[in-house]
Amino acid sequence: MPKREGETQSPDWHAADVIAALHKQGTSLRQLALTRGYAPRSLHKALSHPWKRAEEIIAAALGVEPRAIWPSRFLADGKRVDRRRRMS
């Protein structure tokens, strides 16, 4: 997917890296989901698809901002990329 003006350059973390980082913190996507009232596998979706709330939960567990994990989902100014907006 081509980068839009204002998007950051860093690559997103690989899903396995996110999972490994959570395990190093002593938790898992499943545990995070269950403690916050979500279905056990629901937070896995955030590894491949934008989901603001899930990204915030995962990032908080790792002690970073969501844009550190998924920079492609944010513009350089820190605002989220609106993927719903149509390209003209």
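Predicted model: local features only at pLDDT ≥ 70, side-chain atom pairs only at ≥ 80, totals over all residues.
View 1. Helix α1 spans residues 15-24. Its buried residues are V18, A21 and L22. They line one face of the helix, because they fall within an arc of 100° seen down the axis of α1. An α-helix has 3.6 residues a turn, so residues three or four places apart point the same way. The cover over the buried residues of α1 includes α2, α3 and α4. After α1 comes G26. The phi of G26 is positive, near 85°.

**View 2. The protein chain is built with four helices and zero strands.** From the N terminus on, the order of elements is α-α-α-α. The protein chain has 88 residues, and 31% of them count as buried. Its accessible surface comes to about 6100 Å². Carbon and sulfur atoms account for 52% of that surface. Take the contacts between residues at least 6 apart in sequence: 47% of these join residues at least 24 apart.

**View 3. Helix α3 has buried residues A54, E55, I57, I58, A59 and L62.** Helix α3 covers residues 52-62. What lies over its buried residues? The cover includes α1, α2 and α4. Just after α3 sits G63. G63 takes a positive phi of about 75°.

**View 4. R36 lies in the loop between α2 and α3.** R36 is partly exposed, and its relative accessible area is 41%. In sequence, R36 and I57 are 21 residues apart. In space, their C-alpha atoms are 8.8 Å apart. I57 is one of the buried residues of α3.

**View 5. One aromatic pair is present in the structure.** The partners are Y38 and W51. Their ring centres are 5.5 Å apart. The pair is edge-to-face because the ring planes stand at 90°, and planes over 60 degrees apart count that way. Y38 and W51 are both in the loop between α2 and α3, 13 residues apart. The pair links distant parts of the chain. Are the two residues buried or exposed? Y38 is partly exposed, at 27% relative accessible area. W51 is also partly exposed, with 25%.

**View 6. R73 sits in the segment after α4.** Helix α4 spans residues 66-69. R73 counts as buried because its relative accessibility is 6%, and the cut-off for buried is under 20%. What does the side chain of R73 meet? A polar contact of 2.5 Å joins it to the side chain of E55. E55 is itself among the buried residues of α3. A polar atom of the R73 side chain also lies 3.3 Å from the backbone oxygen of H49.

**View 7. R73 touches residues on both sides of it in sequence, among them A46 and R83.** Residues up to four places away in sequence are not counted here. What else does R73 touch? The list includes L47, S48, H49, P50 and W51. W51 belongs to the aromatic pair with Y38.

Notes
Residues numbered from 1 in each chain as written. Heavy atoms only, no water. Phe/Tyr/Trp six-rings, centres within 6.5 Å; stacked < 30°, edge-to-face > 60°. Helix = DSSP H or I, 4+ residues; strand = E, 2+ residues; numbered from the N terminus. Buried < 20%, exposed > 50% of the residue type's maximum accessible area, 1.4 Å probe, protein only. Polar contact = N/O pair within 3.5 Å; in protein donor to acceptor, adjacent residues only side chain to side chain. Contact = heavy atoms within 4.5 Å. Areas by Shrake-Rupley, 256 points an atom, 1.4 Å probe, with all protein chains shown as cover. Arc of directions from axis to C-beta.
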